[in-house]
Structures are given as C-alpha cells and as structure tokens.
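Please look at the sequence and the 3D structure below. The report that follows takes up helices, sheets and loops in turn.

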Amino acid sequence: MTRDLALSQSARLAAVQAPVIPIVGRWTAETPGTISLGQGIVSYGPPPEVMQAVAAFGSTLGEHRYGPVEGSAELVGLIEAKLARENGITVRPASRLFVTAGGNQAFVNAVLAVTDPGDEVILPAPFYFNHEMAVVIAGAVPVGVPTTREYQLDVAAIAAAMTPRTRAIVTVSPNNPTGAVYPEQVLREVNQLCRDRGVFHVHDEAYEYFAYAPSRHFSPGSIADAAPHTISLYSLSKAYGMASWRVGYMVVPTGLWEAVNKIQDTLLICPPAASQCAAAAALRVGRAYPDSHTAQLDRMRHEIYEALSAPDVPCEAPAVAGAFYYLIRVDSRLDSMTLTERLIREHKVATIPGSAFADPAPCSIRISYGALEPHAVSEGLERLKTGLKALAR
Ligand SMILES: Cc1ncc(COP(=O)(O)O)c(C=O)c1O
C-alpha cells in the first residue's frame with residue numbers, strides 16, 4: 001500500500017508562499033469592470049522591428065536546433081555591447097554572460113549557484129516575492145532586513161544581519177514593490193560590504209530604464225574590481241514590453257561560470273531561439289524605445305503621488321522615483337489581503353497586498369501604474385481614493 005506521505009509535496013515547497021497574482025486575478029475576474037492597478041507590466045508591446053524579425057525566423061534548419069547554453073553569439077554580442085555602453089560593465093574576462101528565460105530564471109540560477117541548503121540570503125524588505133520564493137525553493141534561508149520609512153536601504157542593519165551563513169545580499173533598484181531608487185553611494189557601500197565579507201552582491205536591474213530624473217540608475221557591476229563578487233540581473237520584460245517572450249540575462253563572476261553553466265544546461269539547455277531572435281531585434285532598436293515611454297509614466301507617477309498625498313486620503317505614500325509602483329501604507333484595521341479583496345469587490349479597483357512582499361506594515365497595498373493608459377489610471381485612482389476612505393479606520 002502506498003503511504004500518503006510518499007505522495008505529498010516536499011516540505012521545502014510547502015513552505016513557499018502561494019503566488020499572489022493569480023489570487024488577485026481570480027477576484028478581479030469575478031468582478032467585471034474592475035480596473036487593475038495590480039500586475040507589474042507595461043502598457044506597450046515590443047517595437048515593430050521585433051515582430052518583423054520574428055516573421056523571418058525559422059527559415060534555416062539550424063534555427064530549430066539546440067543552440068549555445070549561454071545564448072546565441074549574436075545576442076550575447078549585442079548584450080555585451082549594451083552593458084559596456086550603458087551600464088559601464090565590461091563582461092569579459094572577469095565575468096560571463098548568460099541569456100536566461102527572464103530575470104526570474106536569472107535569479108534562480110544565481111541562488112542555486114551560490115547557496116547550499118541552510119545558507120542565508122539577505123533580502124531588504126519589502127521584497128519581490130519571487131526572490132524569496134526562489135531562495136526557499138533552493139533550500140536556503142531568506143533573511144528580511146527592513147528598509148527605512150522611505151524604503152531606502154539601511155546598510156548598517158544589513159551588515160548587522162550578516163552571519164557566517166550569509167552567502168549573498170540582494171538589492172533591486174529601481175525597486176519592486178516600492179518604486180525606490182537607491183543612490184549610487186549606497187549601492188557602492190553594499191557592494192563594498194559584500195567584498196569585505198566575502199559574499200555575493202546580487203543586483204536586479206529589471207527596471208533600469210525606469211528611474212525618473214533627478215534620480216539616476218547605477219549598476220554596481222561597473223565598480224572597479226566588483227566583478228568577482230557581483231551578479232547583475234536584467235530583463236526585457238518591462239523595458240521592451242516583452243514579458244511573454246521570457247528573455248533576461250545575467251552577468252556572473254567567471255568563478256561562477258561552471259556552476260551557472262550546469263544549472264542553465266539542466267533547466268533550459270539553451271534559451272529559446274525565437275525569443276532570442278526577438279530580443280536581438282529589440283536590442284538593435286535600443287533604449288530609445290523604453291525611453292520614449294517613460295515621460296508618460298513619470299506624469300502618472302506625479303499624478304498618483306499628489307492624489308494620494310491629499311490630507312483626506314487615509315494612507316501614506318512615500319515619494320519614490322522609480323519603476324511604476326507605489327507601496328502605500330493604509331490606515332485601516334483590515335489586513336492587506338482583506339483590504340485588497342474588498343477594494344476589488346466593493347470598489348472595482350485591483351491592487352496587490354503588501355503582505356505578499358513581506359511588508360512589515362500591518363496594512364499596505366502596491367499600486368502599479370505601468371499597464372494602463374493615463375485615463376484608466378485616473379479612473380482607477382478615483383476608485384482607490386473612494387475605497388480607501390470607505391475602508392479606513
Ligand atoms: C524586480 C524584478 N525582477 C525580475 C522580474 C521578473 O522579470 P522577468 O519577466 O524577466 O522574469 C520582475 C517582474 O515583475 C521584477 O519585478
């Protein structure tokens with residue numbers, strides 16, 4: 001007779017939080033007419049050059065066969081040139097590049113490459129839920145370190161949280177879920193801390209093009225001698241409106257090449273060729289494309305901040321300068337999940353509960369303004385204000 005135990009999921013996976021987006025998605029689907037300020041996506045698709053390239057893809061047999069583990073030579077070359085030009089990162093010889101199936105897979109590669117079960121990974125909190133999920137799936141231990149009230153890094157607190165089991169510090173700037181952009185000096189301090197303590201600095205730059213003036217994006221991988229302990233992660237999902245194509249990339253120290261090569265070979269064998277063809281076309285268009293969309297996002301950022309800062313709206317919205325998020329603290333007796341559900345069902349506006357990002361605030365929600373046209377954001381904002389007033393303390 002088979003024991004039930006043998007058919008249960010691993011204890012490790014049972015400890016991983018359930019993805020929150022599908023839960024909010026279900027409530028939204030059950031409430032027709034809901035405006036979604038939920039999922040973190042952009043309102044635009046890829047540039048037309050991408051679809052032209054894809055239309056011509058597949059005419060040779062080679063395009064249907066496995067390719068190099070790290071990605072096609074063409075795409076790797078285009079990315080290396082971009083990293084040198086825009087990020088100040090010289091990939092070889094101190095580092096190596098891998099094209100991945102999105103930034104999420106790049107993060108999984110990084111965690112698997114640097115941790116053993118029981119090792120600790122520091123995640124400044126609130127954090128991107130998939131980062132925590134990946135750490136737990138790998139059998140490592142996420143160590144949340146609170147950020148400041150303005151969602152900035154507290155480097156002293158990060159240093160104090162380090163133990164002999166710490167293997168990496170993760171930073172995300174511009175940040176999901178908070179929208180914070182970390183100043184260059186602070187990222188330099190974190191990178192130096194990692195160097196001094198012999199741990200990896202994993203830096204996620206998925207929102208590199210979404211840092212609004214006067215804030216500026218900075219890549220710690222550009223710091224002299226940072227290469228041996230710095231892992232930099234990127235994504236085309238937001239920048240080029242290519243979330244479904246699943247293309248990201250990572251710069252890893254050459255010392256990790258062998259480990260990441262084994263992981264990537266096992267998970268992916270090679271990045272999907274059609275998606276690499278699309279990504280190469282996007283990179284040839286270059287950053288002028290994402291840049292052409294940021295002025296509108298910046299206007300919405302201002303509009304939302306002003307609306308939520310009005311004295312009669314019962315919430316606190318720290319002024320942040322990046323991505324397309326606000327993580328607002330709400331003065332309500334409801335927990336984040338209940339507030340989210342009631343905002344959808346009673347006020348037809350969807351957000352993401354702060355609890356999904358391990359926000360220590362008792363009640364908070366993330367607002368994403370990337371996916372909608374300005375008029376829909378304005379309407380969503382009106383509903384949100386009405387809902388917050390109705391559901392507040
Ligand atoms: C910080 C961060 N990293 C990575 C990702 C995932 O990007 P990708 O679609 O490239 O896997 C997201 C998506 O929301 C994100 O917010």
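## Helices α4 and α10

In this predicted model, helix α4 (residues 73-87) and helix α10 (residues 273-285) pack at an angle of about 30°, with their axes 9 Å apart, and they are therefore roughly parallel to each other. Helices here are DSSP runs of H or I with at least four residues, strands are runs of E with at least two, and both are numbered from the N terminus. Axes are lines fitted to C-alpha atoms, for helices over the stretch in contact, and angles run from 0 to 180 degrees between N-to-C directions. Angles under 35 degrees count as roughly parallel, over 145 as roughly antiparallel, 65 to 115 as roughly perpendicular, and the rest as oblique.

The crossing in which α4 passes α10 is left-handed, a word used when the near helix is turned anticlockwise from the far one by less than a right angle, whereas clockwise gives right-handed. On the α4 side the contact is made by E74, L75, L78 and I79, and on the α10 side by Q276, A279, A280, L283 and R284, where contact means heavy atoms within 4.5 Å. An α-helix has 3.6 residues a turn, so residues three or four places apart point the same way.

## How the model is read

Residues are numbered from 1 along each chain as its sequence is written, and side-chain values use heavy atoms, with hydrogens and water left out. Since this is a predicted model, local features need pLDDT of at least 70 and side-chain atom pairs count only at pLDDT 80 or more, while totals for chains, interfaces and linings use all residues.

## The sheet of seven strands

In what order do the strands of the open sheet of seven lie? The order is β2-β8-β7-β6-β5-β3-β4, with mixed pairing, and two strands pair if DSSP finds at least two bridges between them. β2 and β4 stand at the edges, each with a single partner strand, so one side of each is left without a neighbour in the sheet. On average, and with direction ignored, neighbouring strands of this sheet are turned by 20° against each other. Helix α4 packs on the sheet, where it touches β2, β7 (230-235) and β8, and its direction makes about 120° with that of β2.

Five of the six residues of β2 are buried, meaning under 20% relative accessible area, with exposed meaning over 50% and partly exposed in between (1.4 Å probe, protein chains only). Elsewhere in the sheet, strand β3 (residues 120-125) pairs in the parallel sense with strand β4 (residues 141-146) over six bridges. Between these two strands the chain passes through helix α6 (residues 129-137), and this β-α-β crossover is right-handed: with the strands pointing away from the viewer, the path from the first strand over the helix to the second runs clockwise. β3 is also joined to strand β5 (residues 166-172) by three bridges, and these strands run parallel. V121 has P142 as its bridge partner in β4 and A168 as its bridge partner in β5.

## Helix α9 and its neighbours

Helix α9 (residues 257-267) and helix α5 (residues 102-114) have axes that come within 9 Å and cross at roughly 130°, and they are therefore oblique to each other. Their crossing is right-handed. Q105, V108, N109, L112 and A113 in α5 meet A259, V260, I263, Q264 and L267 in α9.

α9 also lies across β2 and β8, running at about 15° to β2. Which residues of α9 are buried? V260, N261, I263 and Q264 are buried, and what covers the buried residues of α9 includes β2, α5 and β8. After α9 comes I269, whose phi is positive, near 65°.

## A loop and a second sheet

S244 lies in the loop between β7 and β8, and S244 is exposed, with a relative accessible area of 64%. Although S244 and S275 are 31 residues apart along the chain, their C-alpha atoms are separated by 9.3 Å.

Another open sheet, of four strands, has the order β9-β10-β13-β12 with antiparallel pairing, and its edge strands are β9 (315-316) and β12 (352-353), each of which pairs on one side only. Two bridges join β9 to strand β10 (residues 325-330), and the bridge partner of C315 in β10 is V330. Helix α11 (residues 288-309) lies across β9, β10 and β13 (364-368), running at about 10° to β10.
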